[in-house]
Amino acid sequence: MRILLNQVHHRLLDIPVLRTDARIVAVIGPNGSGKTTLLELLAGMEEPEAGEVTLADRLPAKMRVGWVGEFPDRTMLFSRVHDEIASPLRFGHAPCRDIDAKVHEIAALLGIAHLLPKATETLSGGEKVLVAFAAALAPGPEILILDEVDTHLDEAAADRVTRALRSRPETTVVLCTQNMDAAAEADHLLYLEGGRVLLSGTPKEVFAELKATCFYPTLWRMEGC
Ligand SMILES: Nc1ncnc2c1ncn2[C@@H]1O[C@H](COP(=O)(O)OP(=O)(O)OP(=O)(O)O)[C@@H](O)[C@H]1O
């Protein structure tokens, strides 16, 4: 899906032109550089003060968007995990038998089937992220936006999320992360500073410019890349 930003100004963001057709896009940069703001524009949660954001030539508000934030318990609606994951399907009026099958399929994919009967308020931070991720993925979003969701995930859970993303080639993913090893797995990388996109390209191209900074994948450093 083509992501296109044209003459966009919003809060501190200032993006003359940004265009990518990549499927998995990672956004990196220092605290306060505008990563979440950019994600909010792409999700249609914010409209730009100036300029235009389009996804496949459509406004984000016209797309099926999935969003998972860093603190998903702020947006959880239901007291039971099964109902939380089922909620976007119910809101979309999917048939009941399909909903149950889909909830179990997604839960199995993410290794959280054992959480389905639990109360959402009893979950750990990482479990809440996985449940929110399952709920966002269940209705088959055209674009899935993940705001630092890996912060609370252990390595095995992060791997299951990555596998789930790879198993949905029809969904475009835009994520921001402070984990440069995770960012290195994306198809396209954006490096922001002070609201500007300073670097845009493949992980190899972008990280080549960041070798002398802390924004360089540890694994690449260890491997002497
Ligand atoms: N609703 C808002 N109204 C006004 N300014 C905001 C709002 N939300 C964020 N900002 C400001 O915009 C700037 C960028 O914030 P943003 O959350 O996009 O950065 P970030 O790169 O995601 O940071 P972090 O890595 O710390 O999460 C910050 O200076 C922040 O104070």
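**Close-up 1. Gln7 in strand S1 of the predicted model.** Gln7 belongs to strand S1, which covers residues 3-10. Its phi is near 55 degrees, a positive value in a residue that is not glycine. Most residues other than glycine have a negative phi. Gln7 counts as exposed because it has 12 C-beta neighbours inside 10 Å, and a residue is exposed if that number is 12 or fewer.

**Close-up 2. Asp57 in the loop between strands S4 and S5.** Strand S4 (50-55) and strand S5 (65-68) are the elements on either side of the loop that holds Asp57. Asp57 is not a glycine, yet it has a positive phi of about 65 degrees. Asp57 is exposed, since 9 other C-beta atoms are found within 10 Å.

**Close-up 3. Strand S3 and the strands paired with it, S7 and S8.** Strand S3 consists of residues 24-28. Four of its five residues are buried, so S3 is largely enclosed by the rest of the structure. S3 runs parallel to strand S7 (residues 172-176), and four bridges join the two. In this pairing Ala26 stands opposite Leu175 of S7. S3 also pairs with strand S8 (residues 188-193), again in the parallel sense and over four bridges. Here Val25 has His188 of S8 as its bridge partner.

**Close-up 4. The residues around the ligand.** The shell includes Arg11 and Leu12. By class, the shell divides into seven polar residues, two charged residues and one nonpolar residue.

**Close-up 5. Helix H4 and the elements packed against it.** Helix H4 is formed by residues 125-137. Its end C-alpha atoms are 18 Å apart, which agrees with the 18 Å that its 13 residues should span at 1.5 Å a residue. H4 is mostly covered, with eleven of its 13 residues buried. Among the buried residues are Glu127 and Lys128, as well as Val129, Leu130, Val131 and Ala132. Phe133, Ala134, Ala135, Ala136 and Leu137 are buried as well.

Notes: Residues numbered from 1 in each chain as written. Predicted model: local features only at pLDDT ≥ 70, side-chain atom pairs only at ≥ 80, totals over all residues. Near = placed C-beta within 6 Å. Nonpolar A, V, L, I, M, F, W, Y, C, P; charged D, E, K, R; others polar. Buried ≥ 20, exposed ≤ 12 C-beta atoms within 10 Å, placed from the backbone. Expected span 1.5 Å × (residues − 1). Contact = placed C-beta atoms within 7 Å. Pairing = 2+ DSSP bridges.
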